[in-house]
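Me: I'm new to reading structures, and I'd like a close look at one part of this one. Could you take me through the pocket, and then the salt bridges?

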Amino acid sequence: LPLLLGAAIVASGILTFFLLQKHGKLGIVLRWLTAKKFGGAPLRKAASALTAVDEQLRAFYRDQHRDMYLAIGWHLIGYSVGIIPTWYFLERVHPPAAVSIAASAWVIGLCFDLLTFAIPLNAGSLEGSRILALNVLGYAAPVGMAYGVAQRAGQTLWAVVGLGLRATFGTLANQRTS
């Protein structure tokens, strides 16, 4: 029940943020405060900048709504790919897991990631949330810890690969221009 409640709160927050963006209402509080003569010049400047963002977002949702739905679809596909390594990991422990269990573990972990996004590098929350997620699905705490550490190792690996590719392409680009 707490997991479902937490997921509902996160989903309603995302939906509210989406609707505020779509209707150009992100800066409504700042605009109201400046209309009431609060905050002075710094608040007026912030309200002006946020109003420009509101106008751009409103234009985007009006003119490029197809692109938004494509972006959402690609994100869902990208997030769904995470089910594969989760299933592979759980397939190697005893008892092996069905794809539905792997998908559940992935989604529960993703919900925790959304709740703890402000923690730099998910320090500790990645491992702890995976322990809890797999515990809910019937696995022992050490399996959850190993799963969290494996995810952390995967993130580190892909960060190193990305940095290596960036350095390689940066060097190649510099050689072409010289």
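**The pocket and the salt bridges**

Reply: Three helices, α1 (2-22), α4 (65-81) and α6 (99-115), each give at least two residues to the lining of the largest pocket. Keep in mind as we go that this is a predicted model. Of those helices, α4 makes the largest contribution to the lining, with seven residues. In total, 17 residues line the largest pocket, and the ones nearest its centre are I14, I72, H75, L76 and Y79.

Now for the salt bridges. How many does the structure hold? There are four, and we can walk through some of them.

Start with D54 and R31, whose side chains meet in a salt bridge at 2.8 Å, N to O. D54 sits in helix α3 (residues 40-63) and R31 in helix α2 (residues 28-35), so this pair ties together parts that are 23 residues apart in sequence. Are these two partners buried or exposed? D54 counts as buried because its relative accessibility is 0%, while R31 counts as partly exposed because its value is 26%. The cut-off that matters here is 20%: a residue under that relative accessible area is called buried.

Next comes R130, which forms a salt bridge with D113, their closest N and O atoms being 2.8 Å apart. This pair links distant parts of the chain, with R130 in helix α7 and D113 in helix α6, 17 residues apart. You'll find R130 within residues 125-136, the span of α7. With a relative accessible area of 2%, R130 is buried.

Then look at R152 and E127, whose side chains meet in a salt bridge at 3.0 Å, N to O. R152 lies in helix α8 and E127 in helix α7, so they tie together parts that are 25 residues apart in sequence. R152 has 21% relative accessibility and counts as partly exposed, whereas E127, at 13%, counts as buried.

One last stop, on the surface: L157, W158, V161, L165, F169 and L172 form a nonpolar patch with about 610 Å² of accessible area together. L157 belongs to helix α8 (residues 141-177), and at 48% relative accessibility L157 counts as partly exposed.

Technical notes:
Residues are numbered from 1 along each chain as its sequence is written. This is a predicted model: local features need pLDDT of at least 70, side-chain atom pairs count only at pLDDT 80 or more; totals for chains, interfaces and linings use all residues. Side-chain values use heavy atoms; hydrogens and water are left out. Helices (H or I, at least four residues) and strands (E, at least two) are DSSP runs, numbered from the N terminus. Buried means under 20% relative accessible area, exposed over 50%, partly exposed in between (1.4 Å probe, protein chains only). Patches are made of residues with over 30% relative accessible area and no salt bridge: like charges are joined within 9 Å, nonpolar side chains (Val, Leu, Ile, Met, Phe, Trp, Tyr) within 5 Å. Accessible areas come from the Shrake-Rupley method with a 1.4 Å probe; for residues, only the protein chains shown count as cover. On a 1 Å grid over the protein atoms alone, a cavity is a set of points where a 1.4 Å probe fits but cannot get out, and a pocket is an open set with protein on both sides within 12 Å along at least five of seven lines; lining residues have an atom within 4 Å of a point.
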